[in-house]
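Please read it alongside the sequence and the coordinates.

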Amino acid sequence: MDNSERKEGYGHLIDWIIRVGDLFLINIFFLASYFIFRHDDAIVGILNYREKMIAFLLINLCYFLTSTFIHFHITSNVVYLDKIVQRSSGFITLYALLVTAGLSVFNITSIPVVPWIAGFFILGSAFVGWHVLFRLLLKSYRRKGYNYRQVVIIGSGSSAIQTYESLVFSEFGYKILGFFDNDISRTDVLPNYLGKVSDIKEYIKIAKIDEIFCALPDNRDDMIYELVKFCERNMIRFHLVPEFHKYMRKRFSLHFIESTPVLSLRYEPLQHFSNRFIKRAFDLVFSTLVLVFIFPPVYAVFGTIIKCTSSGPVFFKQKRTGIKGKEFYCYKFRSMRLNDDANRKQATAGDPRVTKVGSFMRKTSIDEFPQFINVFKNDMSIVGPRPHMLQHTDLYSSLIDKFMVRHLVKPGITGWAQVTGYRGETKTVKEMEERVKRDVWYIERWTFFLDLKIIYLTIANVITGDEKAF
């Protein structure tokens with residue numbers, strides 16, 4: 001058995017270790033749950049042997065059925081922990097739905113909704129934790145020089161050097177054997193020059209190459225085409241490193257219109273319907289719960305105080321810029337006395353317009369609660385770039401190039417910029433540029449778990465206090 005066969009075998013072995021670990025965890029969870037609640041007839045009931053066997057088969061068959069729809073890619077050379085968390089959570093969610101449906105069809109058990117959801121939350125946490133731990137152990141194993149893929153780089157320019165640096169400093173399991181390039185004057189610059197491109201054919205006889213990263217200039221089409229054919233004949237995976245990194249040093253989106261590749265300026269996860277659906281569903285559920293259970297008593301208390309301590313309405317509504325530049329009325333509890341500068345001037349530290357109760361509401365973010373109405377109406381999201389006054393949109397859109405990019409998604413009650421130190425007043429254009437950078441970063445890297453993280457950090461900031469909340 002040669003080196004490549006051993007590596008493929010190790011890859012399959014690792015995949016099976018993950019599957020066995022998954023099944024062990026799932027079966028232990030259900031077995032423990034059964035023994036804990038076996039005497040509670042209201043939850044488990046009296047199960048005969050046939051029902052137990054059906055339940056056992058369902059629990060395991062649903063795992064394999066779910067695995068046909070969602071793949072983990074934990075053993076892939078390039079995969080990030082947030083993607084592992086996202087896919088593992090999606091997996092356990094679909095698995096829970098299938099198991100629930102299966103047990104209901106066979107009428108095996110009738111566990112109440114709350115303990116059932118709580119149980120799957122515990123299982124999901126353990127499931128995600130197991131996958132993250134396995135990935136970390138695998139990365140540690142690869143750092144020690146095991147389970148790696150041997151690669152060579154074709155080219156000697158800046159793209160080739162950048163590719164080398166990205167691979168050598170990563171923990172994705174690559175071992176760079178060296179460089180091939182026809183420009184022999186670059187031999188002293190390259191970390192390990194192996195010869196001209198034509199020498200690869202002889203080189204693979206003495207060293208096994210798993211993958212090739214080609215960083216040749218775009219005008220070397222004939223040579224690149226020959227390399228592709230060579231790799232396909234020799235079962236070597238081929239990767240082309242395009243030169244557009246010279247003018248595009250950020251995440252982008254590559255898709256196809258029929259067979260024509262199209263490169264978009266940035267990758268936007270919320271362009272996908274499934275992601276928008278998840279975000280909107282969460283917004284609806286979250287805002288409904290807040291408006292039904294939390295908002296009424298908050299309104300009763302602070303609405304009364306606002307009316308008793310200053311003249312004017314309880315709510316302050318102001319036109320703000322929303323998604324795609326669409327204007328909407330943003331609602332807040334009124335925290336200022338009625339004034340003519342409300343639509344032109346930001347609140348500042350020690351602002352005389354702010355009332356005493358308004359100061360408290362702004363520091364604790366209670367004044368933002370009416371924006372859950374905006375979320376319910378679909379003008380806003382729980383998490384997203386903060387909406388600005390129309391005057392500020394007009395001003396900063398002419399001063400900051402990427403300012404309007406933040407309006408590609410719905411504005412939010414809280415956002416990445418707000419939890420990373422850019423909440424409140426922006427005194428300079430530089431401060432606004434930093435806020436915009438964080439908003440664009442959020443748009444390009446959105447995940448459901450990033451939203452949860454931002455919500456957690458927002459709540460933590462409210463509890464500990466934010467010096468920019470005034």
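**Briefing on the predicted model**

Apart from neighbours within four places in sequence, Ser335 is in contact (heavy atoms within 4.5 Å) with Arg353, Val354, Thr355, Gly358, Met361 and Arg362. The model is predicted: local features need pLDDT of at least 70, side-chain atom pairs count only at pLDDT 80 or more, and totals for chains, interfaces and linings use all residues. Residues are numbered from 1 along each chain as its sequence is written, and side-chain values use heavy atoms, with hydrogens and water left out.

- Ser335 lies in the loop that runs between β9 (327–333) and α9; helices (H or I, at least four residues) and strands (E, at least two) are DSSP runs numbered from the N terminus.
- Arg353, one of the contacts of Ser335, is 18 residues away along the chain, and the two C-alpha atoms are separated by 8.4 Å.

**Packing of α8 and α9**

- Helix α8 (residues 273–309) packs against helix α9 (residues 356–364) at an angle of about 145°, and their axes are 9 Å apart; axes are lines fitted to C-alpha atoms, for helices over the stretch in contact, and angles run from 0 to 180 degrees between N-to-C directions.
- From α8, Phe302, Ile305, Ile306 and Thr309 meet Val357, Phe360 and Met361 of α9.
- These contact residues comprise 6 nonpolar, 1 polar and no charged (Ala, Val, Leu, Ile, Met, Phe, Trp, Tyr, Cys and Pro count as nonpolar, Asp, Glu, Lys and Arg as charged, and the others, Gly among them, as polar).

**Packing of α2 and α3**

- The axes of α2 (residues 49–67) and α3 (residues 81–105) cross at roughly 140° and come within 9 Å.
- That angle makes α2 oblique to α3 (angles under 35 degrees count as roughly parallel, over 145 as roughly antiparallel, 65 to 115 as roughly perpendicular and the rest as oblique).
- Among the residues making this contact are Leu58, Ile59 and Tyr63 of α2 and Phe91, Leu94 and Leu98 of α3.
- The α2–α3 contact residues divide into 12 nonpolar, 3 polar and no charged.

**Overall make-up**

- The protein contains 14 helices and 11 strands.
- Of its 470 residues, 43% count as buried.
- Among contacts with a separation of 6 or more, 70% involve residues 24 or more positions apart.

Terms used
Buried < 20%, exposed > 50% of the residue type's maximum accessible area, 1.4 Å probe, protein only.
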